[in-house]
Amino acid sequence: MNVRKAREDDLDGITKVYKACFPRERAHKRWIEASYNSYPRGVYYVVVTQGEIAGYILWCVKNGFRDETIIELEQIGVHPNYSGQGLGRRLIEASLSEFKDHINKLGYSVGAIYVTTSEGHFAEELYKSTLGVKRAALIEGYGSGNEVVLYRRIESDQLLQ
């Protein structure tokens, strides 16, 4: 399994995973293309296994380009055919350092990490264990349920791993 920055020719594969993971969404390809085109604000990474895109992650700058910016794990998806193999954890761990390097090359540093997930979703524990985030808020009635906001401030003397 290989994690790498997504290329334009990966968009169909990312869309396939997105459709499988988020079937209630609409205009899947339009969303993926729009997010891909937000570069350098947003960057997709993919995990490839057996020559196929098995999952993706989208990291974004949340609060504008600032000296210490907030980065958001905006979306992650692993195709159901590959679930339970640790690909989500691998995507987060491998892409975080690459996105941090991307931010640094733009002349900024990472001041905080932000991510949301549906209340009761297993991803909350994954985010806590991989990103060190903690519950900061709960948005009631968000979409089809409640949304958990997870956040971690990075102090300037801490290393973001």
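The model is predicted: local features need pLDDT of at least 70, side-chain atom pairs count only at pLDDT 80 or more, and totals for chains, interfaces and linings use all residues. Residues are numbered from 1 along each chain as its sequence is written, and side-chain values use heavy atoms, leaving out hydrogens and water.

**Fold and size**
- The protein chain has four helices and seven strands. Helices (H or I, at least four residues) and strands (E, at least two) are DSSP runs, numbered from the N terminus.
- Starting at the N terminus, the order is β-α-α-β-β-β-α-β-α-β-β.
- The C-alpha atoms fill a box of roughly 40 × 35 × 30 Å along the principal axes.

**Burial and contacts**
- Of the 161 residues in the protein chain, 44% are buried. Buried means under 20% relative accessible area (1.4 Å probe, protein chains only).
- Among contacts with a separation of 6 or more, 59% join residues 24 or more positions apart. Contact means heavy atoms within 4.5 Å.

**Helix α1**
- Helix α1 spans residues 11–21, and its buried residues are L11, I14, T15, V17 and Y18.
- Seen down the axis of α1, these buried residues fall within an arc of 165°, so they line one face of the helix. The arc is that of the directions from the helix axis to the C-beta atoms.
- The cover over the buried residues of α1 includes α2 (28–36), β2 (42–49), β3 (52–61) and β4 (68–78).

Terms used:
Buried means under 20% relative accessible area, exposed over 50%, partly exposed in between (1.4 Å probe, protein chains only).
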